Amino acid sequence: MRKASIVLAVLATTLAGGAPLAQAQESSASQAQASSAQQAQAKELQGPTLGGHIGFLLPLVTHSGGQTTSLGDAPAVGFPTGITVKGSGPMAFDFEFVPQYNATGTRQTTLTLHPGLIYGLGHGWAVGLRAAFVVDQPTVGFTPLVNHSWPIKRKNSLFKAYFVEADLPVRFSRPVGAPATNAVTFAMHTGVSF
């Protein structure tokens with residue numbers, strides 16, 4: 001009988017001591033969930049981040065006015081520089097300035113203002129659409145793009161990723177007193193983002 005009462009006492013003590021332990025485990029699990037929710041909410045409340053990119057652009061093939069020219073026929077190079085504002089979602093606003101030097105004909109330099117939206121698809125891929133306004137020329141248009149980037153893994157580096165981008169600039173030129181032209185170009189843009 002004595003052994004039975006000792007076993008019952010040990011069992012009662014174990015059961016009584018186990019209830020607070022279970023409550024403590026449930027409490028710590030709910031605290032961990034609350035902490036995760038607070039971190040996610042803090043990330044959302046953090047607001048937009050500011051970044052940018054620099055690079056160079058080669059217009060490889062252009063079709064305009066019934067003629068097709070390549071980079072060898074009309075050498076040109078652009079130097080896009082952009083400022084990017086990104087929120088917590090996959091969408092970003094990117095404002096790009098593109099000075100471009102054309103080495104044929106009048107050897108003119110143009111500046112294109114290129115605001116647009118970039119949508120991140122994941123795994124380093126993004127697609128976007130930019131409006132295009134060529135300064136001091138009667139030319140407007142748009143540029144669809146596909147971008148792929150690779151992270152730079154050095155700590156404390158100013159630059160965060162390398163990227164390669166395929167662009168399809170479409171331009172509508174409407175000069176006063178001259179024929180209107182529409183140009184479509186396939187261009188490659190590469191650089192680094194920060």
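Rings of Phe, Tyr and Trp (its six-membered ring) count as a pair when their centres lie within 6.5 Å; planes under 30 degrees apart are called stacked, over 60 edge-to-face, and the rest tilted. Going by this rule, there are 4 aromatic pairs. This is a predicted model, in which local features need pLDDT of at least 70 and side-chain atom pairs count only at pLDDT 80 or more, while totals for chains, interfaces and linings use all residues. Residues are numbered from 1 along each chain as its sequence is written, and side-chain values use heavy atoms, with hydrogens and water left out.

**View 1. F95 and F97 make a tilted ring pair.** Their centres sit 4.9 Å apart, with 40 degrees between the planes. F95 is partly exposed at a relative accessible area of 25%, and F97 is also partly exposed, at 34% (buried is under 20%, exposed over 50%, partly exposed in between; 1.4 Å probe, protein chains only). Ring pairs also bring in F93, linking F93, F95 and F97 into a cluster.

**View 2. F159 and F194 meet edge-to-face.** Here the ring centres are 6.5 Å apart and the planes stand at 70 degrees, so this pair gets the edge-to-face label. F159 comes from the loop between β8 (139–151) and β9 (161–167) and F194 from the segment after β11 (181–193), so the pair ties together parts 35 residues apart in sequence.

**View 3. β4 pairs with β1 and with β5.** Strands here are DSSP runs of E, at least two residues long, numbered from the N terminus, and two of them pair if DSSP finds at least two bridges between them. Strand β1 (residues 49–64) runs antiparallel to β4 (residues 81–86) over 6 bridges, and H53 stands opposite G82 in β4. β4 and β5 are antiparallel too, over 6 bridges, with a hairpin joining them through 4 residues. In β5, F93 is the bridge partner of V85.

**View 4. Q100 is a buried residue in strand β5.** Its strand spans residues 91–102, and its relative accessible area is 19%. Beyond its neighbours within four places in sequence, Q100 is in contact (heavy atoms within 4.5 Å) with L57, P59, A76, V77, G78, Q108, T109 and T110.
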